[in-house]
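Biologist: I would like to learn how to read a protein model, one feature at a time. Could you walk me through one?

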Amino acid sequence: MAITSRNQLLSKMATGNGHGEDSPYFEGWKAYDSDPFHLIDNPDGVIQMGLAENQLCFDLVQEWILNNPKASICTAEGVDDFRDIAVFQDYHGLPQFRNAVAKFMGKVRGNRVAFDPDRVVMSGGATGAHEMIAFCLADPGDAFLVPVPYYPGFDRDLRWRTGTQLIPVASGSKNGFKVTRKDLEDAYEKAQKDNIRVKGLLITNPSNPLGTILDRETLKSVVSFINEKNIHLVCDEIYAATVFGQEFISISEIIEDDIECNRDLIHIVYSLSKDMGFPGFRVGIVYSYNDAVVSCARKMSSFGLVSSQTQHLIASMLSDDEFVERFIRESAKRLQKRHEDFTWGLSQVGINCLKSNGGLFLWMDLHRLLKEQTTEEEMVLWRVIINNVKLNVSPGSSFHCPEAGWFRVCIANMDKETMEVALARIHNFVNQNKEVVAPRKKRVLGNLNLCSSSKRMDEFLMSPHSPLPQSPLVRART
Ligand SMILES: Cc1ncc(COP(=O)(O)O)c(C=O)c1O
């Protein structure tokens with residue numbers, strides 16, 4: 001069928017590219033899918049480091065499931081509940097599910113703030129929650145300000161089907177990519193000059209891709225900014241419990257303890273995809289302080305309900321205080337260890353990462369490997385890393401990063417052995433390119449994490465998996 005006649009048959013949405021599937025972010029996943037690494041069956045395959053998944057604590061979850069057979073409705077112990085759960089379809093959600101989620105949200109914020117179950121609205125993951133909140137707050141053509149670099153899924157979640165726009169708020173490595181009042185004002189003013197109606201500001205705390213946690217002063221300044229402009233603040237707190245070594249401060253604490261503001265403007269997006277490591281369950285939450293938004297979002301949740309079977313299981317699991325506390329503690333400990341091991345491994349070959357205390361990834365600085373500091377050169381390097389080093393990391397440009405040479409590396413979706421192979425590959429790659437690319441001037445960074453350790457890289461290089469035979473960068477350039 002000719003493209004023009006296909007375009008006439010289908011909607012603009014069906015024929016357009018609003019989903020962003022062609023971006024390098026998703027392209028890298030495809031490279032992994034066509035040649036996935038396996039320690040024994042495919043040791044030369046692509047290692048998936050583009051997926052922010054938390055797979056470090058599944059042993060704890062499995063243990064809980066075995067000890068709590070009544071929580072599943074498909075077990076001898078739980079089957080008596082099967083019928084009631086299977087027929088449940090109320091879009092308010094099971095009361096015990098909303099109670100358990102509200103309690104869990106408080107717990108992961110150190111019980112410094114309480115959440116009202118009546119404000120918990122469910123959606124299909126944070127993905128669905130973002131779209132839902134965009135539908136509630138903005139009309140087609142309206143815009144949200146978003147500090148860069150930001151999670152690429154936002155381009156799909158907030159824009160694609162709602163018709164809203166995202167306007168980047170500038171940032172840079174000089175201050176560790178911090179959100180400043182001036183940058184917010186500049187972005188807002190520019191939108192006004194362009195006749196675009198700004199309806200809100202979207203922040204992610206802790207940040208994906210940076211892994212940084214916003215400090216109290218920044219959060220206060222963000223709230224006073226949106227309050228003065230009378231625009232909404234959407235806080236994606238999906239990584240609230242995915243933190244280590246630094247306390248996470250929720251926006252809910254700021255508006256309760258620190259600063260007066262119009263609470264009708266404040267909305268939190270949450271999900272169990274990261275903190276519990278359950279992205280497959282599609283448990284997303286909109287928590288709004290605005291009654292009208294809660295009411296509208298609840299009606300909309302019919303389009304992305306969490307299955308009652310999942311609600312039932314999650315309600316039992318999250319109500320188990322002892323388990324939840326142990327899980328959060330242990331998860332933070334394991335993440336911290338993984339983070340330290342990885343940053344240390346990278347530092348052995350002179351690779352720095354932005355200092356971070358959260359998330360499931362590192363923000364790795366490879367600008368010295370670029371021939372020129374441009375997005376085009378970043379993509380050249382990225383293709384080498386994907387095709388030759390066989391690591392699916394994500395280039396900074398796919399997060400709208402204004403500086404070239406940053407890459408996001410996911411570290412918690414693999415076992416220790418796979419991590420060691422990945423580090424060995426990076427080590428070989430950098431060593432082989434030492435002469436190809438002369439070290440350039442170091443970035444001026446306020447906030448870099450340079451790990452030092454007495455451990456030796458040899459441990460990693462003892463890995464039985466193949467080092468690269470020849471420099472891929474040499475091959476790519478010649
Ligand atoms: C910041 C952020 N928001 C939202 C999402 C989407 O999460 P979910 O799987 O719950 O839809 C992700 C997933 O990576 C994310 O990193």
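Biologist: Which residues in α14 are buried?

Modeller: Before we start, please keep in mind that this is a predicted model. To judge burial, we count the other C-beta atoms within 10 Å of a residue's own, and 20 or more make the residue buried. In α14, the buried residues are V324, F327, I328, S331, L335, H339, F342, T343, G345 and L346. The helix covers residues 321-347, which is 27 residues. From its first C-alpha to its last it reaches 39 Å, close to the 39 Å expected at 1.5 Å a residue.

Biologist: How many helices and strands does the protein have, and what percentage of its residues is buried?

Modeller: There are 18 helices and 14 strands. Of the 478 residues, 45% are buried. Among contacts between residues at least 6 apart in sequence, 75% join residues at least 24 apart.

Biologist: Let us turn to the core. Which members of the largest nonpolar core touch the most other members?

Modeller: Those are L233, V269 and M364, in a core of 129 residues. Helix α16 (residues 416-432) supplies the largest share of this core, with eight residues. Domain 1 (17-58 + 329-477) and domain 2 (68-324) both give residues to the core, so it lies between them.

Biologist: What does V269 touch, beyond residues up to four places away in sequence?

Modeller: V269 touches A126, A129, H130, I133, V234, C235, D236, I238 and V286. Let us follow one of those partners, A126.

Biologist: Where is A126 placed, and is A126 buried or exposed?

Modeller: You will find A126 in helix α7. It has 27 other C-beta atoms within 10 Å, so A126 is buried. Leaving out residues up to four places away in sequence, A126 touches D236, I238, V269, Y270, S271, S273 and G284. For a sense of how the chain folds back, take A126 and R282: they are 156 residues apart in sequence, and their C-alpha atoms are 7.9 Å apart.

Biologist: There is a ligand too. Which residues around the ligand are the closest?

Modeller: The closest are G125, A126, T127, S271 and S273, out of 14 residues that surround the ligand. Sorted by class, the shell has five nonpolar, eight polar and one charged residues.

Biologist: Now for backbone angles. What should I know about phi and peptide bonds in general?

Modeller: Most residues other than glycine have a negative phi, and most peptide bonds are trans. N230 is not a glycine, yet its phi is positive, about 60°. K390 is not a glycine either, and its phi is also positive at about 60°.

Biologist: Where do N230 and K390 lie, and are N230 and K390 buried or exposed?

Modeller: N230 lies in the loop between α10 and β6 (232-236), while K390 lies in the loop between α15 (375-389) and β11 (391-392). N230 counts as exposed because it has 9 C-beta neighbours inside 10 Å. K390 has 20 other C-beta atoms within 10 Å, so it is buried.

Biologist: And which peptide bonds are cis?

Modeller: One of them runs from V148 to P149, with omega near -5°. P149 is in the loop between β3 (143-147) and α8 (153-160). Another cis bond joins N205 and P206, where omega is about -10°. P206 lies in the loop between β5 (198-204) and α10 (216-229).

Biologist: Last one: how does F26 count, by its C-beta neighbours?

Modeller: F26 has 17 C-beta neighbours inside 10 Å, so it counts as partly exposed. F26 lies in helix α3 (residues 24-34). Apart from neighbours within four places in sequence, F26 is in contact with G20 and E21.

Technical notes: Residues numbered from 1 in each chain as written. Predicted model: local features only at pLDDT ≥ 70, side-chain atom pairs only at ≥ 80, totals over all residues. Near = placed C-beta within 6 Å. Nonpolar A, V, L, I, M, F, W, Y, C, P; charged D, E, K, R; others polar. Core = buried A, V, L, I, M, F, W, Y, C linked by C-beta atoms within 7 Å. Buried ≥ 20, exposed ≤ 12 C-beta atoms within 10 Å, placed from the backbone. Helix = DSSP H or I, 4+ residues; strand = E, 2+ residues; numbered from the N terminus. Domains from an automatic or database assignment. Contact = placed C-beta atoms within 7 Å. Expected span 1.5 Å × (residues − 1).
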